Every structure is written in structure tokens, then in C-alpha cells.
Amino acid sequence: MKYDYDVIVIGSGPAGFSCAMQSSKFDKKVLVIEANEDSFGGTWINSGTIPSKALRETARIIQRFQNQFKDLAKEKAYQHHQMADLLMYKNQILESKNTKVKTDFDKNEIDTVRGHGKLNSEHEVEVETTDGTKKTYSAEYILVATGSKPVKPKGFDLDHDKVFDYTSILTLSHIPRRLVVVGSGVRALEYATTFSNLGSRVSILNEKDSFLPFLDNEISEQLQQILETQKIEVFSNAESIEINPNALRNTTEVKYNLRNDNEGGRDRVIETEHVLYLGGKVPNTDSLGLREIGVKLDEEGYVVVNNDNQSSVPNIYAGGDVKGFPAMASSAFSEGRIASCRMFGIEALDVPPEIPQAIYSIPEIASIGLTEKEAKAEGLDVTVGRAYYKNITQGDISNQQDGLLKLVFETETLKLVGIHILGERASDLIHLGQAVMSLGGDIRYFINHVLNYPTYSEAYRIAAFNGINRVYKAGVKYKKILKSKD
Ligand SMILES: Cc1cc2nc3c(=O)[nH]c(=O)nc-3n(C[C@H](O)[C@H](O)[C@H](O)COP(=O)(O)OP(=O)(O)OC[C@H]3O[C@@H](n4cnc5c(N)ncnc54)[C@H](O)[C@@H]3O)c2cc1C
């Protein structure tokens, strides 16, 4: 063999993990290099996807319990539950996921080495361990899957005692009574609703001029109402954020201005117990030696790749956050697998351009395809079908009546072009619509097929009927629609 390995994977997050696993299934010799001394799995397992969802799950269970037994809802979750117990639940999940990844590597005879990887040439990676020892490994192909890290905030520091980022919040010793989340994206909403459901009073300082502007308008309106019910305030256009301790009052003061407010940009102050900073991310490419060996990076440092996740150096691929959008664990799994298939000349379907998005707020939000507004802007003649959770039997049974499932479909062909859901289980529910949509189906699927009952999937049936009724009202014969649209 010309090289030590067929493929070297740098980073063991979802992109690296899936590339390593897929390559081993192709009977290739694989080495995974991981800089973290203790754990595999990167942001996916240790600080991002899984821990935030495990913590959220505890808040969701508490919320459901309180929803069901209203007398208890009068008391705050922090009066009954300890942060240590919630974090213990999360830690158990992390430990079990870490063990599973390690076992998967071992069972599939994937070699692993701990240390910081750096490319010395297009086929060689030097690994430096914490004690300074260096060793070089070679491979025919290399996958860069080193992920990303949070951007440092401007105007204040993270002390990881009062002011946290998404990693240090996981060390919080108690449920805060008051929390300010500084952030503009989906994670800000996720953490805000998680802590709100644990009883914290939460404010979001959003530095952008609108909050989650990509959401469908109606979903956005529903979300607004839910945030009001949860007493979560969102201040958009926030700027000049400063954070200082107020020793006298034993609080943390968050000072900020609002751009374009009608009060002349006066200073505003929130007194809080803690601040959670959820700013942007930057790729982990600064000390990898990529530019030196000819790998093209964009101005922000992301690896530039083609549709096959191949970089400008043909035997070097990149997957996950390091190549930028969509920067999610869900897509990183596919990117790592597809990179492996392309390396070894195995036919694999391209990932369809429509990928589902999920926001793990309480309640969840999920979507795929075009919003109603986008579809109309593209000149499509679309109709909308809606189902409200309060009309779904499972919503009654689970006492989850806040929510909406919205189907956007072409009026003439009834073909689905977008699905937007806010409500319990939205992140799972979206996949039924995704399957129908990606197979080119139309909304009659949900009427012509028997769906389990009671389930939240009933929303698809109700929304499809609602949509068909609208088309009918527009003057097309109802019977004809159901029979002959092929
Ligand atoms: C709070 C939060 C919540 C999230 N929730 C979701 C969610 O619900 N759903 C979702 O799909 N996505 C979610 N994400 C995003 C998701 O975590 C990331 O998109 C995903 O983990 C990226 O995977 P990756 O393989 O690119 O990198 P990572 O998972 O970041 O892994 C990269 C690995 O590379 C290692 N590494 C870095 N440099 C080197 C080097 N030089 N040598 C060796 N090893 C190195 C790191 O130690 C790390 O283990 C969330 C992110 C955050 C922060």
C-alpha cells in the first residue's frame, strides 16, 4: 500500500464519524484524528446538538407535566427541580453516546489517534499530542471535518460564571430566576424557551433587525403569541451591549441601546442573574495548514467545496461546519457519507436540495421547501391548507393545543412545495411531508392513505382537506380534484 491509510478523517463529529463509518463499510483502512483528549463526537455530542436537546427534553417533560396538572403550574419548575438532576440526565446521555461512537469505531476496525491534526502535504497529516509528541500519517484521501467554534462577543467578556456560552451553560449549578440571551438565531430561541419552561424569566437581545425572518409569516405570528404566553421578550435591533456586575444589588447589569427606537437610542438596562451568549460561529481552519498546501478557503476561512464536498485539492474533502451552510449535524452526517462515496467511486444519490429545518424550541418548529410568500414571489399559483393543533385529537389527548401545520401546494397540480409546522413533535412530523414532497407527491396522499389515529400526523389529513376545500371554493369541481389530477 502506497499510503498508511485509504482515508484519514480529521475530527470525529457527525461529518467525520459518518465518513469513517461509510469508508470502513467499503472495506477501506481508516484513521480518525481527534483533538479532544476525552471524547469523540465534537459539538454534536459534547457541547451542541445532544446536550442542548437533552436539557430541553427535561424542560419539555416538566412543561407537559405542569400543563397536565394545572395546580402544579402555579409553582415554578425551579421550586421542584435541581439543575444538577437535569444535567445528570444530560450527562448520562452524553456518556452513552460517547461509548457508542467509540464502540462503533472499534467494531468497524477504524483506527483512532488523539491529538491536533495538521496537513503537511496533500497526503500527509501530522498529529501533535498534548505532551508535544509529533507523528505523521499518510493517506490517499483526507476528510477535513474539524467543525467550528463560537465567535467571541464584542463589547463584553465571557467569564463562564455569570456570562456563559453554549458550552459553559452546561455547567450551571442552578436554574436561574432571570436570564438574558444575547443571540439572533435558532439556538437563542431554543435556550430561551428551555429556560422559560424551567421557570426562568427570559429576555432575548437580538442584534439583527428581525428575529428568525426566514420563518413562514403565520408560523412567526403564532410563535410571537407563544413567546408572549411564556413571557419571553425579544428586543431586536439591540446594539452597544455591555455587561457589568452590580455588586451592591448582587446582580449582573446588561446595558444596551435599540437602533431606530423612538426614544433617541437611550440606554436601557436589564438586571439579570445570568447571560447566555449565542453569537455566530467560525470554522476551525486556522491551524490546519490548508492554505499552505493549496486548499482554497473563503474570506471567512470556510473550506470551499464542490457538490461532492471536494476541495480545490482533489484528494481532500470537507464536510460539516468547516464548509459552512447549512452547518447542522443533520446535514453533516450526509456530507461525510457522500464524501466517502465520492472518494471511492461509489454511486450515491445526491442529497436533494430541500432539506428539513428544525428549531427545538418549546414547542418545536420545522419546515421544508418554500414559504407561502416565497412561492408567490417565484410566480407560483399556490393554495394553502392549514390544520390547527386544537383540532387534532392527539393535541387534545396530550393537552398540546398550540400549533399549526401548513401545507403550501400548487393549486393546479396539488403538488407540495412547502410544509411549515409549529407545535409538539414538529421536527419528526415534517418527515412525512418531506417524503411525499421529495417523491413528487401531492396533498391527496394524506387523504387517500390511512394514517394512524390518534397521532399528530392527523394534522396532514386535516390540512389536506382544508387545502382541497379552498381549491374547490376557487371554482374547481371537488370530485374532479380527488379523482383525476395525475
Ligand atoms: C447549542 C447548539 C445546538 C445545536 N443543535 C443542533 C440540532 O439540534 N440539530 C442539528 O442538526 N445541529 C445542531 N447544532 C449544530 C451541530 O452541532 C453542528 O453543525 C455539528 O456538530 C457539526 O459537525 P462537524 O462534524 O462539522 O463538527 P463538530 O461536531 O464540531 O466536530 C468537530 C471535531 O473536530 C475536532 N477537531 C477540531 N480541530 C481538530 C484538529 N486540528 N485535529 C483533530 N481534531 C480536530 C474537534 O475536537 C471536534 O471533535 C447545534 C449546535 C450548537 C452549538
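## A tour from the sheet to the ligand

Start by selecting strand S21 (residues 404-410) and strand S22 (residues 416-422), which run antiparallel and are joined by six bridges. Strands here are DSSP runs (E, at least two residues), helices are runs of H or I with at least four, and both are numbered from the N terminus. Before going on, note that residues are numbered from 1 along each chain as its sequence is written. The model is predicted: local features need pLDDT of at least 70, side-chain atom pairs count only at pLDDT 80 or more, and totals for chains, interfaces and linings use all residues.

Click on Leu 405 next; its bridge partner in S22 is Ile 421. Now show the whole open sheet, five strands in the order S18-S19-S22-S21-S20 with antiparallel pairing (two strands pair if DSSP finds at least two bridges between them). Strand S18 (357-359) and strand S20 (382-388) are the edges; each has a single partner strand, so one side of each lacks a neighbour in the sheet.

Finish at the ligand, surrounded by 36 residues, the closest being Gly 11, Gly 13, Gly 42, Gly 147 and Gly 320 (C-beta atom, placed from the backbone, within 6 Å).
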